[in-house]
Amino acid sequence: MNEQIRALLAVNSGLPFTAITDEANLSRDLGFDSLDTVDLVLQMEDLFHIAIPDEDYQQLQTVKQFCEYLENKMAAAA
């Protein structure tokens, strides 16, 4: 899942896959603004077939936080 998220971030940020680290901050390091983040969340919802409430994704800042959140969300749905 981590690689899928990093690949999605690379496509959306225009940065190389190798530049997307677990500690990368979406806004500070990857250049995402609030609209970019909403678009990213919608893509994640489609890719992983889950719903991510607004109040949840607004708390997520780093690639690692997104990965952990999605892993927990998918485990709970299984």
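**Close-up views of a predicted model**

**View 1. Salt bridge between Arg-28 and Asp-29.** In this predicted model, the side chains of Asp-29 and Arg-28 form a salt bridge with an N to O distance of 3.8 Å. The count of salt bridges comes to one. Side chains of opposite charge can pair when their charged atoms come close. Arg-28 counts as exposed, at 63% relative accessibility, whereas Asp-29 is partly exposed, with a relative accessible area of 41%.

**View 2. Helix 4 and its buried face.** Helix 4 comprises 15 residues, 63-77. From its first C-alpha to its last it reaches 21 Å, close to the 21 Å expected at 1.5 Å a residue. Val-63, Phe-66, Cys-67, Tyr-69 and Leu-70 are the buried residues of helix 4. Seen down the axis of helix 4, these buried residues fall within an arc of 165°, so they line one face of the helix. They pack against helix 1 (2-13), helix 2 (34-48) and helix 3 (54-57). The face turned away from the buried side of helix 4 carries the exposed residues Asn-72, Ala-75 and Ala-76.

**View 3. Surroundings of Lys-64.** Lys-64 is located in helix 4. When residues up to four places away in sequence are not counted, Lys-64 touches Asp-22 and Glu-23. Lys-64 and Ile-5 are 59 residues apart in sequence, and their C-alpha atoms are 9.7 Å apart in space.

**View 4. Helix 1 and the residue that follows.** Helix 1 has 12 residues and reaches 16 Å from its first C-alpha to its last, close to the 16 Å expected at 1.5 Å a residue. Its buried residues are Ile-5, Arg-6, Leu-8, Leu-9 and Ala-10. Helix 2 and helix 4 are among the elements that cover these buried residues of helix 1. Gly-14, which follows helix 1, has a positive phi, near 80°.

**View 5. The annotated span, residues 1-74.** In an unreviewed entry, UniProt lists residues 1-74 as "domain: Carrier". The end C-alpha atoms of this span lie 11 Å apart. Residues 1-74 are 58% helix and 0% strand.

Conventions
Residues numbered from 1 in each chain as written. Predicted model: local features only at pLDDT ≥ 70, side-chain atom pairs only at ≥ 80, totals over all residues. Heavy atoms only, no water. UniProt positions renumbered as here; feature names shortened; annotations may be inferred. Helix = DSSP H or I, 4+ residues; strand = E, 2+ residues; numbered from the N terminus. Expected span 1.5 Å × (residues − 1). Buried < 20%, exposed > 50% of the residue type's maximum accessible area, 1.4 Å probe, protein only. Arc of directions from axis to C-beta. Contact = heavy atoms within 4.5 Å. Salt bridge = Lys/Arg side-chain N within 4 Å of Asp/Glu carboxyl O.
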